[in-house]
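Thank you all for coming this morning.

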Amino acid sequence: MKFNKETFVAGFALFSMFFGAGNLMLPPLLGLKAGDAWFLVTLGFVISAVLIPLLGIIAHARLQGTMLDFAKKVSPSFSLVYCVLVYMISIALPSPRTASVTHEMAIQPFFGTSALMTSSIYFAMVLLFVINRSKILGLLGKFLSPIIFVVVFSIICVGIFSAQTPIDPSVMQTPVIHGLLEGYQTFDAIGAVVVGGVIIISLRLKGKHDFKQNRRLIIKSGVVAGFGLLIIYSGMIYNGALLNTVFDQEITRTALLSEMSLKTLGQIGKILLSILVGLACFTTAVGIVTGTADFMKGIFGDSQKVYLTTAIVGCILGVLMGQFDVHYIINIAVPALMLIYPITIILILLNVLPDRYTSPLVFKVVVITTIIFSIPDFFGSIGFRELINPVLETLPLGQHSLAWLLPAFIALIIMNSLSLQPKNSDSQSV
């Protein structure tokens with residue numbers, strides 16, 4: 001697999017759209033709490049925040065359509081509802097969260113300005129990038145992403161080689177599952193189906209219409225982005241584990257990240273972190289708003305007016321929701337993730353599998369099964385845990401918020417077993 005300059009530009013652009021607020025904040029605290037089980041936690045986190053998103057990009061490379069194609073085998077109506085839900089969640093939660101993180105970590109400590117001023121200026125700049133969407137790949141891939149990677153990689157390296165404290169034993173009973181569920185909060189699987197379409201449209205705007213060449217480029221760029229995420233996630237988790245005897249486990253995500261940068265690089269580390277936070281969050285917001293605007297534009301007959309209107313509405317919503325603090329946005333995201341994330345994971349996996357194993361009937365049964373068995377986890381996340389607990393106790397992995405997992409795969413196996421069975425011939429002689 002050869003990688004040229006174009007591959008790395010597209011790969012870094014993809015990396016930058018994935019690597020946002022949650023991607024930066026979540027791993028250190030996860031490592032801090034994992035202690036000596038940091039590797040197992042990393043394994044779970046990488047599955048949901050690197051492997052699944054990479055498969056999502058591969059699925060986009062195979063389809064090379066819009067996000068509607070991800071669920072079209074279930075039904076056109078279901079696909080439309082699913083896409084609308086994903087885009088609503090994306091512009092209402094992870095996109096505004098990037099402004100909130102930027103304010104708390106990069107603006108307020110230095111300038112003391114209000115959250116309203118920060119988010120207003122922030123999303124005005126996002127809108128400027130989204131309007132100039134034909135230049136997104138070049139701007140993100142050539143300039144912003146390499147800076148992001150170098151800064152965070154510096155913090156990781158200094159942290160690893162300067163730490164001398166012992167690592168305490170882990171208090172987690174199921175570190176792999178804990179890491180897997182924490183990976184939900186990165187929104188990377190959802191990000192894969194959203195920003196993967198941005199890459200495809202950006203390639204077409206540059207005059208690249210060859211299906212096979214685009215497929216190779218998209219897959220290679222996905223590998224570059226995935227490798228970057230793997231290095232950053234594992235490094236940040238390990239750094240957190242190295243500091244688990246230094247900081248209290250009740251420390252907030254943003255506070256730990258600030259202290260980590262201060263401890264590793266000193267005062268210059270705080271400045272570098274501010275730059276990193278601003279860039280990482282900004283590129284993610286650009287990717288989300290662009291993807292949402294692209295989707296709405298496609299629904300309404302490639303109307304540029306709809307594209308611009310959607311971008312403006314998305315940025316206004318970002319300003320409004322960006323007033324809440326990071327911890328609050330993360331908490332209210334949990335119920336939405338419990339419902340939409342399992343469906344997204346299953347759709348990604350089904351679209352990666354060969355067509356002979358994913359007939360429309362298989363899609364329908366597996367997705368419906370996933371939805372049904374995700375409902376108990378959803379109700380448990382909105383405050384009905386005691387009421388729903390007897391149901392979760394009877395379901396495999398129900399106590400770990402993964403009640404949907406085994407039923408979905410059993411449905412996939414059963415449906416393929418039935419469809420691949422040789423048909424009996426009615427050749428009995430009369």
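Trp38 counts as partly exposed because its relative accessibility is 23%, where buried means under 20% relative accessible area, exposed means over 50%, and partly exposed lies in between, with a 1.4 Å probe and protein chains only. Please keep in mind that this is a predicted model, in which local features need pLDDT of at least 70 and side-chain atom pairs count only at pLDDT 80 or more, while totals for chains, interfaces and linings use all residues. Residues are numbered from 1 along each chain as its sequence is written, and side-chain values use heavy atoms, with hydrogens and water left out.

Let me stay with the aromatic rings for a moment. A search of the whole structure finds eleven aromatic pairs, a pair being rings of Phe, Tyr and Trp (for Trp the six-membered ring) with centres within 6.5 Å, called stacked if the planes are under 30 degrees apart, edge-to-face if over 60, and tilted for the rest. Trp38 and Tyr238 make a tilted pair, because their ring centres are 4.6 Å apart and their planes stand at 45°. Since Trp38 lies in helix α3 and Tyr238 in helix α10 (residues 211-242), this pair ties together parts that are 200 residues apart in sequence; helices here are DSSP runs (H or I, at least four residues), as strands are (E, at least two), numbered from the N terminus. Tyr238 is partly exposed as well, with a relative accessible area of 23%. For an edge-to-face example, please look at Phe378 and Phe379, whose ring centres are 5.7 Å apart and whose planes are at 70°. Of these two, Phe378 is partly exposed at 22%, and Phe379 is partly exposed at 36%. There is also one aromatic cluster formed by Tyr122, Phe123, Phe129 and Phe282.

Helix α3, where we found Trp38, covers residues 38-63 and also holds Leu43. With a relative accessibility of 42%, Leu43 counts as partly exposed, and together with Phe39, Leu40, Ile47 and Leu51 this residue makes a nonpolar surface patch of about 440 Å². A patch takes residues with over 30% relative accessible area and no salt bridge, joining like charges within 9 Å and nonpolar side chains (Val, Leu, Ile, Met, Phe, Trp, Tyr) within 5 Å, and the areas come from the Shrake-Rupley method with a 1.4 Å probe, where for residues only the protein chains shown count as cover.

Asp355 is exposed, at 53% relative accessible area, whereas Arg62 is partly exposed at 31%. Asp355 also meets Lys73 in a salt bridge, with 3.9 Å from N to O, and since Lys73 lies in the loop between α3 and α4 (76-92), this second pair ties together parts that are 282 residues apart in sequence. Lys73 itself is partly exposed, at 25%.

Helix α8 (residues 175-184) is largely enclosed by the rest of the structure, because seven of its ten residues are buried, including Ile177, Leu180 and Tyr184. In the loop between α8 and α9 (188-205) we find Gln185, which is buried at 6%. Gln185 touches Leu26, Arg97, Ile330, Ala333, Val334 and Leu337, leaving aside residues up to four places away in sequence, where contact means heavy atoms within 4.5 Å.

Key
A salt bridge is a side-chain nitrogen of Lys or Arg within 4 Å of a carboxyl oxygen of Asp or Glu.
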